[in-house]
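Subject: Structure for your records

Hello,

Here is the structure you will need, with my notes below it. Please read them with the model open.

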Amino acid sequence: MKNNNLYNYIISIADNSLILAQRLGELCGHGPTLETDIAGTNISLDLIGQTRNYYQYAAKIQGEGKTEDDLAFLRLEREYKNVLLVEQPNDHFGFVMGRQYLFDVFHLLFMTEMLNSKDETLAAIAKKGIKEVSYHKRFSGDWVKRLGDGTEESNAKMQEAIDDLWVYTDELFDLTEADKAMIADGIGVDTSKLKELYYAEISELLKEANLTVPEGKYFTRGGKKGIHSEHMGYILSDLQYMQRTYPNMEW
């Protein structure tokens, strides 16, 4: 049971990075400037690198002879446990940066805590990836400030993004049964304890960017239980196309 909980715990972490990386990958070649385009693609690659480490470890724990590719490409929609935030579409550049920042703040807080995990592999992944995640937050945060404190139009677009994405943030702190088991074992991160710090940091930057902190108390959730938005199926149809069309294909 412990290994099953550990497997499910790792999968939920990995799926967040995989789906967000896929969203960012959709924008390759479509950034507003060459520098921004390359930066977004590099963030996507960073997340995929972290995802590979997680899936390799999860496959080893599962012990069914599966590979990282099986876990990434050959699961059904309900088997993915990413939060709803990361699967939201690339409506416009403000949405992309808003979604990225709202996840990055959480991701850095999470990685910082995971450095103390009793699981040496997870602690090592955190140690390797924390510099990348720190850069991701700085990059997305700078863009939120730039757009929020820019023109009237850019401010309106950035505010629209934050308002629409805000309802997905609270799910970041939900604890599944696997989360609770791993926290009890000193392996997992108790994300519920990060909530106050998360919203305080987000609110401070939004105010600096001349943006209004949303006051809505209603939040949408379900991704961590495998219940996704209508966008998830479209993501997987692109993500899984090659593996499902050409089974057992190897590069």
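**Helix H8 and its neighbours**

In the contact between helices H4 and H8, Tyr-101, Leu-102, Val-105, Phe-106 and Leu-109 of H4 meet Leu-197, Tyr-198, Glu-201, Ile-202 and Leu-205 of H8. Please keep in mind that this is a predicted model. The axes of H4 and H8 come within 10 Å and cross at roughly 135 degrees. H4 and H8 are therefore oblique to each other, and H4 passes H8 in a right-handed crossing.

H8 also meets H5. Their axes come within 8 Å, with a crossing angle of roughly 40 degrees. H5 and H8 are therefore oblique to each other, and the crossing of H5 past H8 is right-handed. On the H5 side the contact is made by Lys-137, Gly-141, Val-144 and Lys-145, and on the H8 side by Glu-201, Leu-205, Leu-206 and Glu-208.

H8 itself covers residues 195–208, which is 14 residues. From its first C-alpha to its last it reaches 20 Å, close to the 20 Å expected at 1.5 Å a residue. Which residues of H8 are buried? They are Tyr-198, Tyr-199, Ile-202, Ser-203, Leu-205 and Leu-206. These cover an arc of only 165 degrees around the axis, which puts them on the same side of H8. An α-helix has 3.6 residues a turn, so residues three or four places apart point the same way. On the other side of H8, Glu-196, Glu-204 and Lys-207 are exposed. The cover over the buried residues of H8 includes H4 (93–114), H5 (120–148) and H6 (152–165).

**Helix H6**

H6 has 14 residues, and its first and last C-alpha atoms are 20 Å apart, close to the 20 Å expected at 1.5 Å a residue. Its buried residues are Ser-154, Met-158, Gln-159, Ala-161, Ile-162 and Leu-165. They cover an arc of only 160 degrees around the axis, which puts them on the same side of H6. Glu-152 and Glu-153 are exposed on the other side of H6. The buried residues of H6 pack against H4, H5 and H8.

**Met-97**

Met-97 is found in H4. Is Met-97 buried or exposed? It is buried, because its relative accessible area is 4%, and the cut-off for buried is under 20%. Leaving out residues up to four places away in sequence, Met-97 touches Phe-139, Ser-140, Trp-143 and Val-144. The C-alpha atoms of Met-97 and Ser-229 are separated by 20 Å, and these two residues are 132 apart along the chain.

**Helix H2 and two positive phi angles**

H2 runs over residues 34–62. At 1.5 Å a residue its 29 residues should span 42 Å, and its end C-alpha atoms are 41 Å apart, which agrees. Just after H2, Gly-63 takes a positive phi of about 65 degrees.

Asn-210, which follows H8, also has a positive phi, near 60 degrees. Most residues other than glycine have a negative phi. Asn-210 is not a glycine, yet its phi is positive at about 60 degrees. It is found in the loop between H8 and H9 (231–239).

Regards

Notes. Residues are numbered from 1 along each chain as its sequence is written. This is a predicted model: local features need pLDDT of at least 70, side-chain atom pairs count only at pLDDT 80 or more; totals for chains, interfaces and linings use all residues. Side-chain values use heavy atoms; hydrogens and water are left out. Helices (H or I, at least four residues) and strands (E, at least two) are DSSP runs, numbered from the N terminus. The expected span of a helix is 1.5 Å times one less than its number of residues. Buried means under 20% relative accessible area, exposed over 50%, partly exposed in between (1.4 Å probe, protein chains only). The arc is that of the directions from the helix axis to the C-beta atoms. Contact means heavy atoms within 4.5 Å. Axes are lines fitted to C-alpha atoms, for helices over the stretch in contact, and angles run from 0 to 180 degrees between N-to-C directions. Angles under 35 degrees count as roughly parallel, over 145 as roughly antiparallel, 65 to 115 as roughly perpendicular and the rest as oblique. A crossing is left-handed if the near helix is turned anticlockwise from the far one by less than a right angle, and right-handed if clockwise.
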